[in-house]
Every structure is written in structure tokens, then in C-alpha cells.
Amino acid sequence: MSRPFVILSLLLASTGTAANPTNCSFGELSRNIEVVYANPGQAVPCEVIYDKASEGSIETLWQANVEAGYCESQAAGLIAKLEGLGWRCTAAAQGAPSDLDSAVEGAMDPEPRSP
């Protein structure tokens with residue numbers, strides 16, 4: 001696991017909440033797009049996380065500290081762009097865990113011990 005991924009995972013697990021996860025797929029490729037909020041119930045600060053699930057890569061594409069709605073708008077634009085390129089995008093059910101949530105939880109699991 002890469003060091004930036006672990007750091008991002010720890011930050012999200014300790015301070016952020018993810019909302020509006022969307023999964024986009026094209027053949028064997030998969031992408032997850034989520035808006036992550038630093039403070040539950042507050043629109044900012046936020047960031048848009050782009051998870052290339054099939055390739056094991058996660059990055060922050062946009063972030064906002066002041067402008068409410070910016071992250072949501074950027075995420076919607078990215079989803080529309082991917083759909084325009086032939087990707088199939090579906091929003092996760094409200095309350096359903098996302099791949100990013102699972103990755104964050106997995107990063108927090110302790111290392112297995114040998115008997």
C-alpha cells in the first residue's frame with residue numbers, strides 16, 4: 001500500500017465523512033467519485049476523491065474551503081464527462097458503504113499476527 005493512500009485513509013477515517021458516492025465502469029475499469037466533507041453537516045471544507053478502484057489509485061481532484069456547492073458541482077461535471085465518454089455511472093444507495101469507505105476501514109485494520 002502506498003504511503004499517500006495510508007495518509008489519506010487515516011485523515012478520512014479520523015475527520016471526514018463521505019457522501020454521494022458514484023461508481024463508474026467501462027469494461028473492466030472502475031472509478032469511484034465521492035465528495036468528502038471534513039465536518040459532518042457542513043458543505044465546506046470538502047474535497048472530491050477520485051478512486052481508480054481497479055488500479056489501486058486514489059487522488060483528490062478538487063477541494064474547497066469557502067465556496068459551498070463547489071465540490072458537488074465538480075463531481076457532477078466529472079460524472080457527466082465520464083458518461084459522455086461511454087462510462088456507465090450509478091450512484092450508491094444512501095447509507096451503503098463505498099469502496100473508499102472499505103479502503104479507509106481496511107487501512108485502519110491492525111496487521112495480522114502470526115501464531
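**Close-up views of a predicted model and its disulfides**

**View 1. Overall fold of the protein chain.** The protein chain has three helices and five strands, and this description, like those in the views below, refers to a predicted model. Read from the N terminus on, the elements follow the order α-β-β-β-β-α-β-α. Of the 115 residues in the protein chain, 30% are buried, while the chain exposes about 7,100 Å², 53% of which is supplied by carbon and sulfur atoms. Among contacts with a separation of 6 or more, 43% are accounted for by residues 24 or more positions apart.

**View 2. The disulfide of Cys24 and Cys89.** A search of the whole structure finds two disulfides, and one of them joins Cys24 to Cys89 with an S to S distance of 2.0 Å. This pair links distant parts of the chain, with Cys24 in strand β1 (residues 17–26) and Cys89 in strand β5 (residues 88–91), 65 residues apart. The link of Cys24 and Cys89 is right-handed, with 115° about the S-S bond. Cys24 is buried at a relative accessible area of 0%, and Cys89 counts as buried at 14% relative accessibility, because buried means under 20% relative accessible area.

**View 3. The disulfide of Cys46 and Cys71.** The sulfur atoms of Cys46 and Cys71 lie 2.1 Å apart and form a disulfide. Here too the pair links distant parts of the chain, 25 residues apart, with Cys46 in strand β3 (residues 46–52) and Cys71 in helix α2 (residues 70–84). The link of Cys46 and Cys71 is right-handed, with 90° about the S-S bond. Cys46 counts as buried at 4% relative accessibility, and Cys71 is buried with a relative accessible area of 0%.

**View 4. Disulfide pattern along the chain.** With bonded cysteines counted along the chain, the disulfides of the protein chain follow the pattern 1-4, 2-3.

Conventions:
Residues are numbered from 1 along each chain as its sequence is written. This is a predicted model: local features need pLDDT of at least 70, side-chain atom pairs count only at pLDDT 80 or more; totals for chains, interfaces and linings use all residues. Side-chain values use heavy atoms; hydrogens and water are left out. Helices (H or I, at least four residues) and strands (E, at least two) are DSSP runs, numbered from the N terminus. Buried means under 20% relative accessible area, exposed over 50%, partly exposed in between (1.4 Å probe, protein chains only). Contact means heavy atoms within 4.5 Å. Accessible areas come from the Shrake-Rupley method with a 1.4 Å probe; for residues, only the protein chains shown count as cover. A disulfide is a pair of cysteine sulfur atoms within 2.5 Å.
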